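Visitor: I would like a close look at one part of this model, please. Could you take me there and then show me what lies around it?

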Amino acid sequence: MTLLLTHKERIKRRQIIQHALIDELSSQQVEQAIALWDTLFYDSPTFVAKIFPFTSKLVVELNLSSSKKLKLMTRLMASFNLLKDAVIVEPVVLKTQRKPMTDVYIIFNAILSEIIVYLKQYYAEDIPLFKQYLIEEIAQLALKPKAYQELLTWCQRIENEGYLIHQDVNKDQMVAFMDFLYEELCSMFGAKQTDALFSTVVNHCEKYPEAKKFSPHNLI
Amino acid sequence: MDELQLILNTLWVVFAASLVFFMQAGFAMLESGMVRSKNAVNVIMKNYIDMAFCSLAFWAVGYGLMFGANPTGFFGTDHFVLHDTDSWSYTLLLFQIMFAATAATIVSGALAERIRYWPYIICAILISSFIYPIFGSWAWGGDSESHTMGWLKALGFIDFAGSSVVHAIGGWCALAGVIVLKPRLGRFDKARARVVQNPSKQNKQHSIPGHNLPLVALGGFILWFGWFGFNGGSTLEANANIGKIILNTHLSGAAGVFSAMLTLFIIRKPLLLTSAVNGGLGGLVAICAGCAYMTPPFALLTGSIAGIITIFGSRLLEKLRLDDAVGAVSVHAFAGTWGTLAVGLFHSEQLFNSERLMIQALGAGIACLWAFSTAWVMFTLLNFIVKLRAKTSDERKGLDYSEHFEVAYPEFQQDLLHSGKR
């Protein structure tokens, strides 16, 4: 049975696409993108899963570069996840199409993911509060608006699962964020538990090939 | 003094000084065992540097301030960089250097796991060359022959081996440092939004257990052993009273352990090794002031009360959200103050002498006022100028790695070793 979207839901999705693309494309290109969406995916209930085909079509239609494609996809993913009813899935990005990520970024993602897995396993009831603290803290990090949005999105997704889909966070900001995470986790669970968690996370991250070039301990 | 007596005195005091020196090893073991493994090297490095730097500072400045000619009663004015004197004075200098290093090292444990290394060394040098010797000059300085005594000593203040002069001074300095430096991350819950959301978690505290309790026990034993030299050597002569002094010391330490355990049992708390060790140390600290003037039963009573004080002192600090990593404040400041008062109560010449008690209370109060206020100013100024507190990222990694770039247990801390550049 096909799940039909209400008019309100459709309008909301169009607005999200418009807001997500407005920084990356000209107003004329945004209009073209909306038209493309309406043509191909107007009634699609599997909203997030359509991001990859939509972006691929858009790139061909507007003759955009592959790096631009990644940026568009990142923006769309981040914006879509703000929807409470959005189905959270990993971005469907082929490995060859990814912009090469820095070692710092990969390890940072791994650290955060490990922390979330741990929290979900042992302290699920504290996650909403933790999320609230994170969102407060992120506002203090003096990030670029784009990076801020991405990090905020990651925090919104904490209750599900998440990877930070952005590279525009520099190492110092990541370290500052790690400091904040450590302080908050210490405050919530005590130093003993937090030390154990961070130690586990470091050991886990050492298994990444990138860790040979960039040690997770430079972040943790 | 005939030649033989001089030789015997020298032998005894030098031996006692060696025992007091060995106490530094006890402090190092005790403190490093009570902290997490990632800070073990840092704590031992602080103890090691205390011994070296504080000895030099005390020799250069502190000894003169403390034991130099004291015309005003407030500080000594000569004997700085003492290098041309008689053999007995050298012996006394050696013994007093060990005391000064002990006073400074008390602070290191309380501030463990979050104070930066170089700023700490500055603090230790200032304590051993200024804060400790100034109060020492009031209580121990000068002599009656030249009528240039320290003002407290002139009043009749008694502190035989330093319950106040050494331990309480170190303990109050530690308290000032604990307040300025703030708790370790994760020691207490943050008092903010979570409290509103979940009042049951208000003022929640998390204990941070030490990484090696056998080391703590070994440190306790070494300190106890060293204390025989600390108190016994304070006679500054080989005489027949040494046996009683050391017996009193031992009984007080034993009573401290017993009463601490009994207290824990009565208040239905687990019988912790750390509490037993601190209870014993509390008893040993408390008896310093009166070990030469009390009969053994009163030494036992003094130690018993000190053991109880260490338990409730620690709990009081926790309630006040003050993070003393090793319990130094309750052991040295609180028990030291009690020991000073106990001389007024249990002096064998006359028990419960109110006049003596008032003088002892004055001395203990002055020790608190002097050490806490000067140390607070020192810590605050240093914190403002050079930042005492380690960065969060360094506290996360541990001060072994961030301050010294080496770790205590490399086999178990592989991730740190693999990290390459800092």
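Visitor: In which helix of chain B is Leu213(B) placed?

Guide: Happy to. Leu213(B) sits in helix H8 of chain B, which covers residues 213-232; helices (H or I, at least four residues) and strands (E, at least two) are DSSP runs, numbered from the N terminus. Residues are numbered from 1 along each chain as its sequence is written, while chains are lettered from A and ligands numbered from 1 in the order in which they are written. Please keep in mind that this is a predicted model, where local features need pLDDT of at least 70, side-chain atom pairs count only at pLDDT 80 or more, and totals for chains, interfaces and linings use all residues.

Leu213(B) has 15 other C-beta atoms within 10 Å and is therefore partly exposed; the scale is buried at 20 or more other C-beta atoms within 10 Å, exposed at 12 or fewer, and partly exposed in between, with C-beta atoms placed from the backbone. Setting aside residues up to four places away in sequence, Leu213(B) touches Gly33(B) and Leu273(B), a contact being two C-beta atoms, placed from the backbone, within 7 Å. His250(B) is 37 residues from Leu213(B) along the chain, and their C-alpha atoms are separated by 22 Å.

Most residues other than glycine have a negative phi, yet phi of Leu236(B) is positive, near 60°. Leu236(B) counts as partly exposed because it has 15 C-beta neighbours inside 10 Å.

Next is H9(B), residues 242-266, whose 25 residues reach 36 Å from the first C-alpha to the last, close to the 36 Å expected at 1.5 Å a residue; that expectation is 1.5 Å times one less than the number of residues. Just after H9(B), Arg268(B) takes a positive phi of about 60°.

Leu273(B), the contact partner of Leu213(B), brings us to H10(B), residues 273-287, which packs against H12(B), residues 328-346, at an angle of about 40° with the axes 7 Å apart. The two helices are therefore oblique to each other, and their crossing is right-handed. On the H10(B) side the contact includes Leu281(B), Gly282(B) and Val285(B), and on the H12(B) side it includes Ala335(B), Trp338(B) and Gly339(B). By class, this contact has eight nonpolar, five polar and no charged residues, where Ala, Val, Leu, Ile, Met, Phe, Trp, Tyr, Cys and Pro count as nonpolar, Asp, Glu, Lys and Arg as charged, and the others, Gly among them, as polar.

Phe352(B) has 10 C-beta neighbours inside 10 Å, so it counts as exposed.

For a contrast, look back to H6(B), where 18 of the 19 residues are buried. Just after H6(B), Lys182(B) has a positive phi of about 70°.

Finally, a glance at chain A: it has ten helices and zero strands, and 35% of its 220 residues are buried.

Methods:
Axes are lines fitted to C-alpha atoms, for helices over the stretch in contact, and angles run from 0 to 180 degrees between N-to-C directions. Angles under 35 degrees count as roughly parallel, over 145 as roughly antiparallel, 65 to 115 as roughly perpendicular and the rest as oblique. A crossing is left-handed if the near helix is turned anticlockwise from the far one by less than a right angle, and right-handed if clockwise.
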